[in-house]
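Please read them alongside the model.

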Amino acid sequence: MRQLDPKLAAQRPLDIFVFSIESVQGQSLKTHEDSLRLLEKLGFKVGEFQVFEDMNRVIEHCEKVKNLRGDLPFEIDGVVLKLNDLSQREKLGYTSKNPKWATAFKFPPEEVETMVRSIEIQVGRTGNLTPVAHLTPVQISGSTVSKATLHNEDYIAEKDIREGDVVVVRKAGEIIPEVVRVNMDKRGPDTKVFEFPKKCPVCGSAAYRNEGEAYRQCLNASCPAQVRRKMEHFVSKKAMQIEHIGASIIERFMDQGIIEEIPDLYRLEEKKEKILSMDRMGEKSYQRMKDSVEASKQRDLHRFVYALGIPYVGEKTAKVLAENYDSIDEIVGSSKEAFEQIDEIGTVIAKEIEAFFQEERNVVLVEALKKAGVNTEKKKTNTQASRVFEGKKFVLTGTLPTLTRDQAKELIEKHGGSVSGSVSQKTDYLLAGEKAGSKRDKALELGIDILTEEQLMEWVR
Ligand SMILES: [Zn+2]
């Protein structure tokens with residue numbers, strides 16, 4: 001919606017239910033009901049609400065709404081219960097995260113039956129074989145679902161999930177569809193126990209499963225499926241952020257032999273003619289790709305470390321490494337023992353990092369990228385300040401114990417963060433002092449972390 005022309009966005013049948021007044025002048029509201037009635041009077045659409053005096057009636061009502069759920073023209077996942085008397089709300093106050101005067105009655109996730117048409121084995125970035133069920137398309141919680149995760153080999157065996165089975169599917173956490181169980185009463189006579197492949201379905205190499213591991217793994221480092229996933233990770237937003245080369249371009253380029261490994265991304269000009277001869281690929285899109293590849297050469301060290309796809313090294317660990325070392329060469333040359341000396345890095349991860357750089361192909365990859373002109377060193381800032389707040393958005397409110405607003409702002413910016421005036425979904429942290437008012441309430445409502453000056457100082461220390 002955000003990226004659309006506002007005129008187009010205006011044509012979309014968007015609607016809103018307003019559920020609360022943050023503050024109001026010239027009116028004194030005593031109850032939540034008063035505020036909702038006022039909103040209605042002002043012409044806002046207000047969500048359906050009812051006031052109860054007896055807790056048993058509240059429970060009955062929740063059950064009633066649960067049963068109506070399927071008949072509503074929109075999706076709901078529960079009912080919100082709020083204390084009506086606003087002065088009592090004041091008395092109850094908040095926990096560190098939530099108001100004490102409101103709670104949600106969440107419905108259990110919707111479960112639907114459908115058929116497993118086939119089970120496909122996908123190969124991940126690190127070679128893990130993950131099974132996915134292809135389903136007869138079915139509506140769950142407002143969207144059509146045609147695939148569901150089967151997690152791993154043991155999950156299939158434990159639940160005895162077979163191709164052709166009728167299964168119960170739900171969205172875990174209302175997002176990722178998963179197969180919950182088989183409806184054994186509906187199992188046909190011809191189904192066969194699913195046999196998990198012992199070979200990689202993409203490259204045919206033997207797939208091994210180590211003791212204690214959940215996944216069977218393809219160990220072929222040049223397995224095309226793994227290379228593709230590694231490349232997708234490398235260009236992704238939190239890694240090297242090569243915006244105009246996404247999963248589908250990578251797939252097409254690999255199919256055409258334009259790229260075979262990550263450093264090929266930095267040699268696109270050698271394949272320019274071939275690229276331009278492809279469908280829907282003009283001079284303009286070629287140039288955009290080239291530009292975004294060029295821009296990726298200037299990324300910070302921590303992004304480069306993350307982009308390499310070292311097992312268990314996520315964004316956070318990559319940042320920790322980049323803070324403790326000045327360049328990728330230093331990291332490559334370091335040891336398990338040295339990594340372990342860093343507070344945030346445990347034994348297992350330390351071992352993984354060392355093992356990663358003991359593999360020659362990974363060192364070759366680093367060298368090739370360096371040669372291509374990719375930044376592999378820590379950028380020097382004048383003040384040598386850490387960049388702990390890189391990309392984080394702060395809002396300040398209330399009186400801080402020692403810092404002035406300007407000093408706090410300067411401190412945040414020096415460490416890579418930014419400060420804005422009002423709390424929104426985009427805010428990462430609210431720095432709150434004494435007499436923090438509506439901004440604090442808003443932050444609580446949006447679930448935004450609230451920091452004290454002390455916590456802020458500890459962070460930059
Ligand atoms: Zn493979």
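1. Glutamate 445 sits in helix α17, residues 438–446 (helices are DSSP runs of H or I with at least four residues, strands runs of E with at least two, numbered from the N terminus). With a relative accessible area of 45%, glutamate 445 is partly exposed (buried is under 20%, exposed over 50%, partly exposed in between; 1.4 Å probe, protein chains only).

2. The model is predicted: local features need pLDDT of at least 70, side-chain atom pairs count only at pLDDT 80 or more, and totals for chains, interfaces and linings use all residues. Residues are numbered from 1 along each chain as its sequence is written, and side-chain values use heavy atoms, without hydrogens and water.

3. The whole structure holds 11 aromatic pairs (Phe, Tyr or Trp rings, the six-membered one for Trp, with centres within 6.5 Å; planes under 30 degrees apart are stacked, over 60 edge-to-face, the rest tilted). Phenylalanine 234 and tyrosine 266 are edge-to-face, because their ring centres are 6.5 Å apart and their planes stand at 90 degrees. Phenylalanine 234 belongs to helix α6 (224–235) and tyrosine 266 to the loop between α7 (247–255) and α8 (272–276), so the pair ties together parts 32 residues apart in sequence. Both phenylalanine 234 and tyrosine 266 are buried.

4. Tyrosine 429 and tryptophan 459 also pair edge-to-face, at 5.3 Å between centres and 75 degrees between planes. This pair links strand β12 (429–432), which holds tyrosine 429, to helix α18 (453–460), which holds tryptophan 459, 30 residues apart. Tyrosine 429 is buried at 13% relative accessibility, whereas tryptophan 459 is partly exposed at 35%.

5. One aromatic cluster consists of Phe389, Phe394, Tyr429 and Trp459.
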